[in-house]
Amino acid sequence: MTHMTLERPAVVASTRGARTPRRRSLRSEQIGWLFVAPFALIFLIFLVAPLCYAFYLSLFSKGLATGTVFSGLDNYVKAFTDPAFLNGVGFVAGFSLVLIPLQMLLSLAVALVLDALTTRFARFARLMVFLPYAIPAVIGSLMWGFLYSPTFGPLSQITEALGTAQFLPLSPDNIFGALVNIVTWQWAGYYMIIIYAALQGVDPALYEAARLDGANAWQIAWRIKVPLVSSALVVILVFALIGTLQFFTEPQILRPIANGSIQPDFTPNMYAYTQAFSYANFNYASALSFALGIVVFIAVAIFLFASNRKRKGFSQ
Amino acid sequence: MRSRIIAPAAVATALIATLVGCTPGGGAAGGGTGGATGSQVNPTVTAADCTNEIKKADVPLVSVWAWYPNIATVVDNFNEGHDDVQVCWNNVGQGGEEYDKVQTAISAGKGLPDVVMLEADHISAYAIQNALVNLGDYGVDAIRSSFSDGAWKDVSQGDSIFGVPVDGGPMALIYRTDVFDKYGVTAPKTWDDFRTAAEKVKAAGGPLFGDLGANVPAVMMALQIQKGAQPFQVDAADPKKLTIKLNDSNSKDVLDFWAGLVKDGLVGTQDQFTTDYIAGFINGDYGTYTSAAWAPGYLTGAGVGEGASEGKFQVAELPQWNTSSPVAVNWGGSAFSVTTQAHDYALASKVAQELYADDASLEDGWKNQVIFPLNQKVLTSDAFIDNKSEFFSGQQANKEVYVPAANDYKGFVYPPIIVYYYAQLQEVLTQVNAGTLSGSDAADQLQKTVVDYAKGQGFTVSE
């Protein structure tokens, strides 16, 4: 939008006459800024300023017994050598590696199936698959906490009825899978909708052509539909990567009932939260947040670089 | 093309979201704004800010944060009895939730109420940040005789008094009479007896005898102190000098004792204050509950002692290591502190001293088992001492167990780094419960982590 308002008058000005192009474009530039201003103001106040302030905070260190002293990048050195932070980063990295492919495969499969169906059931199914995303993450986590509970949860009652050993999803060995399950449940529907929307944008003539050439449903799905929604898949992957590296809500909610499987430094974001609000160490927490931001940025950059190269390779 | 536009925006969004956790309360980069001396001007609290209804207009308000279950009644009692000051009360969360807000407000340099309810173990953490007012300067001596020396010690640092005690948690052993009768064991007098009884119950196919909840580190600290450990000492003249001894032989003995019970399957490893634990407790999955005087009230509120578990509980003195020199210990309990952000220290101090100190409120508290009061007025009254506890099927629990334990309590020294210490103790206890760490190793590991942290915070540490 803003792009258009900036460009179009400029073009008009240049075609009208060469007499006062500079003044005209200057004024139109000013009008452009006027359009941008409401957004820019909010952007500056709620994004740029807090970022700068947090960065400023991260350059100091404060101890309970010392005052606040300028410490330069010491907090960052500390963060990247802090086993608690590094373990947390390792956890979310591993979590992403398992979760994201699983989530994407699942949402892609559901989207393809729902795209192929034309019955009334398809609309209902679409809504049902999407529903978990409409449930706030906190409520969803509480619900799963109940389902996972060894005393009240149906899971343990089922395993008990089957006569097998009690299944404890929240035990240290199973917590990884338990969280993968919650996040997949919560987000797969949302990703499904994105892919589904992209599929709706595909020209049906392509399918017809493919069928005339003798392609079956599988081949249409794999050779035509999937490549055509690949840009939507990239978007999903970036969203999922960013979200997962910042994993916070679900483990934070489940922590009180996880019987020690989730410690305060379970994920980098939880660790930053604990440092800030339990240990009063806002400076180190700011540094941890920026350190995590750097990790996220690098991860996304690497991925985008790789996927761009790959797609270029395809088109050639 | 589309993804290329979205991606940088998404990255930017990610950065903000990452930072949301730390920016809003970010406050005091200047450090210890709460430490400014003298009273600061608070934006005056108005009646609209209070959870309770303020019935007397044109009287100065004092804001209070507290979470006692009957605090609404207590506040109304106070306000009815005072024409010179009215309490404006809010509940901002229980325990940890409130402390996170208190800590944030201290760092921000604003946002604290005038008077805040704190558990005794958290007082020194805020005192060292100059967030609490020394009540010794505001006439607290007048009520000195209302509380025992142990109670005062818990809220003091050196000669400075940072809180007015309200309730305490003298520890004792609650046990299930049905389990004890069925397996023929009696209330253990010593910890060795405790283990013997646990083995006997287990050998006969009985339930777990107790529970080592990793999320109640304060219990472990108290049990270690009971055997003679002295985890922390704070230099009275300079609170920045700490002595930390978390891995002496007494500390290790107690950790090894409980680790051994866990290893042999004699006690459970369930976190406490959870529905799973309470459900198990109602079910009779645990023979005993190592707890404090407020436990009957808490358990009743959680539904224990009704239905199938009605009339199944008794309480005995906490087992001892050496019966010839018994040691009483404490878990929990709280006080009212005045913050340095209060707009009128003298008035706030008056509220801290008189809130929850009138007869009606105290009676409401102990009769409903909401608190175990530390006020000597109550502790020495016949009605309190002779009371027959409904939860314990008519046992005179106060007379037999809790009042003697409260009177024998000598007070603990709590370090300013208590939050960190508890978090680390909880972490090693989790590992002890998982069987991946021995009790002694847990003590050694804890000592190292906590000492490193204390040094990093600028304390001078002796080991």
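**Notebook: domains and a helix pair**

I began with two helices of chain B and noted that α17(B) passes α18(B) in a right-handed crossing. I keep in mind that this is a predicted model.

Next I looked up the geometry of the pair. The axes of α17 (residues 418-434) and α18 (residues 439-456) of chain B come within 10 Å and cross at roughly 155 degrees. Angles over 145 degrees count as roughly antiparallel, so I wrote down α17(B) as roughly antiparallel to α18(B).

I then listed who makes the contact. From α17(B) I found, among them, B:Tyr420, B:Leu425 and B:Val432; α18(B) brings residues including B:Gly439, B:Leu446 and B:Tyr453.

Stepping back, I checked the domains of chain B. Domain 1 covers 31-168 + 332-385, and domain 2 covers 170-331 + 405-462. I noted 28 Å between their centres, taken over C-alpha atoms.

How many residues of domain 1 of chain B are in contact with domain 2 of chain B? I got 24, facing 25 residues of domain 2. On the domain 1 side, α4 (123-127), α5 (149-154), β6 (164-176) and β13 (330-338) each supply at least two residues. The largest share, four residues, comes from α5(B). I sorted that side into nine nonpolar, ten polar and five charged residues.

Last, I turned to chain A, divided into domain 1 (2-58) and domain 2 (75-315). Here four residues of domain 1 are in contact with seven of domain 2. The domain 1 side has three nonpolar, one polar and no charged residues.

Technical notes:
Residues are numbered from 1 along each chain as its sequence is written. Chains are lettered from A and ligands numbered from 1 in the order in which they are written. This is a predicted model: local features need pLDDT of at least 70, side-chain atom pairs count only at pLDDT 80 or more; totals for chains, interfaces and linings use all residues. Domain bounds come from an automatic or database domain assignment. Two residues are in contact if their C-beta atoms, placed from the backbone, lie within 7 Å. Ala, Val, Leu, Ile, Met, Phe, Trp, Tyr, Cys and Pro count as nonpolar, Asp, Glu, Lys and Arg as charged, and the others, Gly among them, as polar. Axes are lines fitted to C-alpha atoms, for helices over the stretch in contact, and angles run from 0 to 180 degrees between N-to-C directions. Angles under 35 degrees count as roughly parallel, over 145 as roughly antiparallel, 65 to 115 as roughly perpendicular and the rest as oblique. A crossing is left-handed if the near helix is turned anticlockwise from the far one by less than a right angle, and right-handed if clockwise.
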